[in-house]
Amino acid sequence: MKAICVEKNLDGRLELFAIAENNCIYHNWQTAPNNGWSGWYRIGSSSNKAIAIAAGHNKDGRLEIFTIGTNNCIYHFW
């Protein structure tokens, strides 16, 4: 992975967001707090490419991610 960030969900599960070597964005989460992992899933299509990634919580607790695309534009996923 080129870049990775982690956030804790409201129920205590960790959620990982990463940029792979192909610049695609992936998501992996714990199936329960202090438990196993779901496995990596791509976010969006293969055309969603990024060079930087960050995650945070919305006011209501939902996780949101922000990326800088390979075209230097900022993108938001929720």
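**Strands, core and loops**

Mentor: Start with strand S3, residues 25–29, and S4: they run antiparallel and are joined by two bridges. Bear in mind that this is a predicted model.

Trainee: Which residue stands opposite His27 in S4?
Mentor: Tyr41.

Trainee: What sheet do those strands belong to, and in what order?
Mentor: An open sheet of four strands, ordered S1-S2-S3-S4, with antiparallel pairing. Its edge strands are S1 and S4, the latter covering 41–42, and each of them pairs on one side only.

Trainee: Step back a bit. How many helices and strands does the chain have?
Mentor: Zero helices and seven strands. From the N terminus the elements read β-β-β-β-β-β-β.

Trainee: Where do S5, S6 and S7 go?
Mentor: Into an open sheet of three strands, in the order S5-S6-S7, paired antiparallel. S5 and S7 are the edge strands, each pairing on one side only. From one strand to the next, the twist averages 20 degrees.

Trainee: How many bridges join S5 to S6?
Mentor: Seven, and the two strands run antiparallel.

Trainee: Is Asn72 buried or exposed?
Mentor: Asn72 is exposed, with a relative accessible area of 60%.

Trainee: Which other residue has a positive phi without being glycine?
Mentor: Asn34 has one, near 60 degrees. Asn34 sits in the loop between S3 and S4. At 77% relative accessibility, Asn34 counts as exposed too.

Trainee: What about Gln30, buried or exposed?
Mentor: Buried. Its relative accessibility is 7%, so Gln30 falls on the buried side of the cut-off, which is under 20%. Gln30 lies in the loop between S3 and S4.

Trainee: What does Gln30 touch?
Mentor: Setting aside residues up to four places away in sequence, Gln30 touches Gly12, Arg13, Leu14, Asn35, Gly36 and Trp37.

Trainee: Now Leu10. Where is that one?
Mentor: Leu10 is in the loop between strand S1, residues 3–8, and S2.

Trainee: It's a leucine, so I'd want a number. Buried or exposed?
Mentor: Leu10 counts as exposed because its relative accessibility is 66%, and the cut-off for exposed is over 50%.

Trainee: What is Leu10 in contact with?
Mentor: Asp60 and Gly61, leaving aside neighbours within four places in sequence. As for Phe66, its C-alpha atom and that of Leu10 are separated by 19 Å, at 56 residues apart along the chain.

Trainee: Let's go inside. Which residues make up the largest nonpolar core?
Mentor: There are 10: Cys5, Phe17, Ile19, Ile25, Ile43, Ala50, Ile53, Leu63, Ile65 and Phe77. Three strands supply at least two core residues each: S2 (14–19), S5 (50–57) and S6 (63–69).

Trainee: How much of the chain is buried overall?
Mentor: Buried residues make up 36% of the 78 residues. The accessible surface is about 4,800 Å², and 54% of that belongs to carbon and sulfur atoms.

Trainee: Last topic, overall size. What does the C-alpha trace span?
Mentor: About 35 × 25 × 20 Å along its principal axes.

Trainee: And how does the radius of gyration look?
Mentor: It is 12 Å, which agrees with the value near 12 Å for a compact globule with 78 residues.

Note on methods:
Residues are numbered from 1 along each chain as its sequence is written. This is a predicted model: local features need pLDDT of at least 70, side-chain atom pairs count only at pLDDT 80 or more; totals for chains, interfaces and linings use all residues. Side-chain values use heavy atoms; hydrogens and water are left out. A nonpolar core is a set of buried Ala, Val, Leu, Ile, Met, Phe, Trp, Tyr and Cys residues joined through side-chain atoms within 4.5 Å. Buried means under 20% relative accessible area, exposed over 50%, partly exposed in between (1.4 Å probe, protein chains only). Contact means heavy atoms within 4.5 Å. The radius of gyration is taken over C-alpha atoms; the globule rule is 2.2 Å times the number of residues to the power 0.38. Accessible areas come from the Shrake-Rupley method with a 1.4 Å probe; for residues, only the protein chains shown count as cover. Two strands pair if DSSP finds at least two bridges between them. Axes are lines fitted to C-alpha atoms, for helices over the stretch in contact, and angles run from 0 to 180 degrees between N-to-C directions.
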